[in-house]
Amino acid sequence: MYQETTTWESRTYEYHNKYVRNYRAIGVLWAILTVCFVIINIVVFVQPQWIGDTGSIDAAGYGHFGLYRHCALRSNEALVCSGGIDNWDTILSPAFKAATAFIGLSALFILLCICCFLLFFFLRAYYVFYICGTIQALSVLCMFLGCVIYPAGWDHLIVYNVCKGGLYNAGVCQIRWAFILAIIGIFDILFLCILAFVLALKYPKALPTYYKSETMTKSPAVVEVREESDTSL
């Protein structure tokens, strides 16, 4: 009976250690993927490759558009880019301005989440996961709103001259890689947000001191030796 109890305690201790190792590995993976999303968010924010011409001879015009920056073919057959985040008057439409604001807020939120990693040195991990999960939820909301609002600006005259489309209609233009990457980023950060809350809920509790002391001082081998000596007596 004594041997069975000690073996059960040993297995409990080993299972707990394995659970903690797996928990930490998933936490590290979560942190790495969060850093990857930061890169995705910044890239889609600065790149003027959200929508553009197809490059074929049948295209209505030549040019491509981002959140706040756009490039179009001028009369001298030169592709000129204009628009800047420092001057909102150069952004083509209110929809593009709103999308720029939301995607920018998404980037700020996720950068704030990265800064919150420092809290792991001062708070319990589940508190930090709750905080980061909430921030990531705000980030995914802003990213989603930015992607939804952006096509509302496709009816602008400059966009129409290139794409011949309209409101939520790309016309002869195509969705380019930055817009696709932004959509992928929505699912990425949504997964990370859910994972952060799961890690917070599944935070491993510390075993009672009894398990640690008993497991470290009483191994099954020692117990077997004791039982054999008792039997011989």
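## Helix α2

Helix α2 (residues 94-115) has 22 residues and should span 32 Å at 1.5 Å a residue, which agrees with the 31 Å between its end C-alpha atoms. The expected span is 1.5 Å times one less than the number of residues. Helices (H or I, at least four residues) and strands (E, at least two) are DSSP runs, numbered from the N terminus. This is a predicted model, in which local features need pLDDT of at least 70 and side-chain atom pairs count only at pLDDT 80 or more, while totals for chains, interfaces and linings use all residues. Residues are numbered from 1 along each chain as its sequence is written, and side-chain values use heavy atoms, without hydrogens and water.

The buried residues of α2 include Phe 96, Ile 103 and Cys 113; buried means under 20% relative accessible area, exposed over 50%, and partly exposed in between (1.4 Å probe, protein chains only).

## The sheet

Five strands form an open sheet in the order β4-β3-β2-β1-β5, with antiparallel pairing. Its edge strands, β4 (79-82) and β5 (174-175), each pair on one side only. Two strands pair if DSSP finds at least two bridges between them. Strands β1 and β2 are joined by two bridges, and Ile 51 has Phe 65 as its bridge partner in β2.

## Disulfides

There are two disulfides in the structure, each a pair of cysteine sulfur atoms within 2.5 Å. One joins Cys 71 to Cys 81, S to S 1.8 Å. Cys 71 is buried at 1% relative accessible area, whereas Cys 81 is partly exposed at 35%.

The other joins Cys 163 to Cys 173, S to S 2.0 Å. Both Cys 163 and Cys 173 are buried.
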